[in-house]
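Here is a short report on helix packing and pockets. Look over the structure first, then read on.

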Amino acid sequence: MGLGTAMGGWRVIKTLGVNMLKLEPIHGFAAETTAAMTIIVSSHYGLPVSTTHVIATSIMGVGATKRFSAVRWGLAGKIVMAWIFTLPICFVAGWFIAELLLHS
């Protein structure tokens, strides 16, 4: 995971902070603060959350407060669709790998 972040993390930052909408420092601060509070409250109650999903939706929310049209919703929709497809794909991949390891 660390190698993936080091190699491609800049692409995620560019997609969220430039391509999806133009973030200014105050907007980044608001998004990061909101994401941190969401993660802390979720952790307190033992709820699992994806930090990537939390920060991406926080950035979308900050952008929508500027102007609803400030967010490139087509790109945001692609991100959400990737999240929707990731869950069942990971479920099947996890099951398949567990089957291989348990029955070999």
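Are helix 3 and helix 4 roughly parallel or roughly antiparallel to each other? The model is predicted. In it, helix 3 and helix 4 pack at an angle of about 160°, with their axes 12 Å apart. Angles over 145 degrees count as roughly antiparallel. Helix 3 and helix 4 are therefore roughly antiparallel to each other.

Their crossing is left-handed. Helix 3 makes the contact through His-53, Ala-56, Thr-57, Met-60 and Ala-64. Helix 4 brings Trp-73, Ala-76 and Trp-83. By class, the contact residues are six nonpolar, two polar and no charged.

Now the pockets.

| Pocket | Volume | Lining by class |
|---|---|---|
| Largest pocket | about 260 Å³ | nine nonpolar, three polar, one charged |
| Second largest pocket | about 220 Å³ | six nonpolar, four polar, no charged |

The largest pocket has 13 lining residues. Ile-13, Leu-16, Glu-32, Ile-55 and Ile-59 lie nearest its centre. Helix 1 (2-19), helix 2 (25-44) and helix 3 (51-66) are the elements that give two or more residues to this lining.

The second largest pocket is lined by Val-12, Thr-15, Leu-16, Thr-52, His-53, Ala-56, Ile-79, Ala-82, Trp-83 and Thr-86. Helix 1, helix 3 and helix 4 (73-102) each supply at least two of its lining residues. Helix 4 gives the most, with four residues.

Note on methods: Residues numbered from 1 in each chain as written. Predicted model: local features only at pLDDT ≥ 70, side-chain atom pairs only at ≥ 80, totals over all residues. Heavy atoms only, no water. 1 Å grid on protein atoms, 1.4 Å probe; cavity = no way out; pocket = protein on both sides within 12 Å on 5 of 7 lines; lining within 4 Å. Points joined across faces, edges and corners; volume = space filled by probe spheres on them. Nonpolar A, V, L, I, M, F, W, Y, C, P; charged D, E, K, R; others polar. Axes fitted to C-alpha atoms, helices over the stretch in contact; angles between N-to-C directions. Parallel < 35°, antiparallel > 145°, perpendicular 65-115°, else oblique. Left-handed = near helix turned anticlockwise from the far one by under 90°. Contact = heavy atoms within 4.5 Å.
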